[in-house]
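Please have a look at it first.

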Amino acid sequence: VIIYDKTQLVKTLGNTPSSPVTGFSEQRSILFNGKVAVTNGLFNCSFILPKDIRFAPGFGSISLYASNGVSDAAGATPVGISGFAAAIPSDTKGPDIRLFLNDTLFMNGGLSNESPVLIAHLSDSSGINATGNSIGHDITLVIDGAINNQLVLNNAFSYRTNSYQAGQLQFQLPVLLPGKHSLKLKAWDVLNNSNEASLDFWIAPQEKLTISAVRNFPNPFAGSTQFSVEHNQRNTNLFVEIFISDSQGRLVKHLSERVNSSGSRNVQLRWNGDTDSGRKLSRGTYFYRIIVSTTTQQVQHAGQLLLL
């Protein structure tokens with residue numbers, strides 16, 4: 001369901017004498033962009049109109065598209081839209097914002113390849129303002145502090161199914177140079193309360209396999225522990241092996257797994273403190289070696305852990 005505000009006058013740039021400045025009407029402000037379930041041909045959609053609607057009487061439009069995986073349907077119709085400042089919800093808090101790269105396993109300070117996809121989860125009791133009707137109330141992204149080059153991401157946002165309070169956006173970032181980078185996303189709710197969130201990350205070009213943040217948690221551990229690795233090989237088949245040895249250097253456990261995901265933290269293997277034969281190991285210090293391989297490259301990392 002996409003609901004557009006009333007038309008507004010837009011002018012061409014008039015770049016040449018033969019192309020003078022010309023005005024035309026366009027519906028460009030989206031009041032709601034979400035998904036609702038259809039049951040027996042019927043659906044219900046509700047949301048709070050943003051403060052930033054065009055208050056003069058007039059008609060916007062509702063655009064609909066539906067699919068059950070076999071057949072689809074579409075339609076559009078004008079709808080009267082107006083507003084007044086009565087019964088405004090008591091909401092003075094800006095949206096909750098959570099940022100990730102490539103998938104939702106990403107953690108602040110993590111590793112990525114040079115062309116990551118930004119994922120932002122936004123929620124607010126009143127809804128998210130993505131209309132673009134009012135200057136300064138857009139969903140904006142600043143990369144590496146370059147405020148003069150901020151990006152407006154209103155059109156990248158949509159609500160979750162059957163919700164007007166929570167949704168997400170996905171945005172393909174430009175190619176970034178190797179090294180440390182930062183993002184800052186600012187968003188407003190429909191009552192014009194704002195909030196912002198930041199994300200730090202490292203870029204390593206995907207042509208060279210790189211791993212970082214190799215760890216196991218918990219450590220020390222008594223029951224089980226989970227090994228995790230960050231890498232820069234999104235959408236790539238990886239073969240991960242973990243060799244665990246005792247204090248005498250004897251191999252006691254071999255773990256292996258093939259992984260592939262859109263993110264950089266999909267390498268997560270669990271160990272229950274047992275041997276390859278299933279025997280529970282005694283307390284003590286153990287050493288591990290993690291090897292991550294593609295078809296052409298291989299990197300490894302060593303560490304130690306304490307079994308209680």
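This is a predicted model: local features need pLDDT of at least 70, side-chain atom pairs count only at pLDDT 80 or more; totals for chains, interfaces and linings use all residues.

Residues are numbered from 1 along each chain as its sequence is written, and side-chain values use heavy atoms, with hydrogens and water left out.

Let me start with the aromatic rings. Rings of Phe, Tyr and Trp (its six-membered ring) are taken to pair if their centres lie within 6.5 Å, and planes under 30 degrees apart count as stacked, over 60 as edge-to-face and the rest as tilted. A search of the whole structure on that basis finds six aromatic pairs. In one of them, the ring centres of phenylalanine 32 and tyrosine 159 are 5.1 Å apart and the planes stand at 15 degrees, so this pair is stacked. Because phenylalanine 32 lies in strand β4 (residues 30–33) and tyrosine 159 in strand β12 (residues 157–159), the pair ties together parts that are 127 residues apart in sequence; strands here are DSSP runs (E, at least two residues), numbered from the N terminus. Both phenylalanine 32 and tyrosine 159 are buried, where buried means under 20% relative accessible area, exposed means over 50%, and partly exposed is in between, with a 1.4 Å probe and protein chains only.

A second pair joins phenylalanine 227 and tyrosine 288, with ring centres 5.1 Å apart and planes at 70 degrees, so the pair is edge-to-face. Phenylalanine 227 belongs to strand β17 (residues 225–231) and tyrosine 288 to strand β21 (residues 284–293), so this contact ties together parts that are 61 residues apart in sequence. Phenylalanine 227 counts as buried at 1% relative accessibility, and tyrosine 288 counts as buried at 6%. Ring pairs also link Phe32, Phe47, Phe157 and Tyr159 into a cluster.

Now to phenylalanine 43, which is placed in the loop between β4 and β5 (58–67). Is phenylalanine 43 buried or partly exposed? At 38% relative accessibility, phenylalanine 43 counts as partly exposed.

Turning to the sheets, two strands pair if DSSP finds at least two bridges between them. Four strands form an open sheet in the order β7-β9-β13-β12, with antiparallel pairing. Because β7 (96–101) and β12 stand at the edges, each with a single partner strand, one side of each is left without a neighbour in the sheet. β7 is joined by six bridges to strand β9 (residues 117–123), and arginine 98 has histidine 121 in β9 as its bridge partner. Seven bridges then join β9 to strand β13 (residues 166–172), with serine 123 partnered by alanine 166 in β13. Between β12 and β13 there are three bridges, and here we meet tyrosine 159 again, whose bridge partner in β13 is glycine 167. β12 and β13 form a hairpin with six residues between them, and asparagine 162 in the turn has a positive phi of about 60 degrees.

Finally, an open sheet of five strands has the order β8-β15-β14-β10-β11, and its pairing is mixed. β8 pairs with strand β15 (residues 194–203) in the parallel sense over three bridges, and glycine 110 stands opposite phenylalanine 201 in β15.
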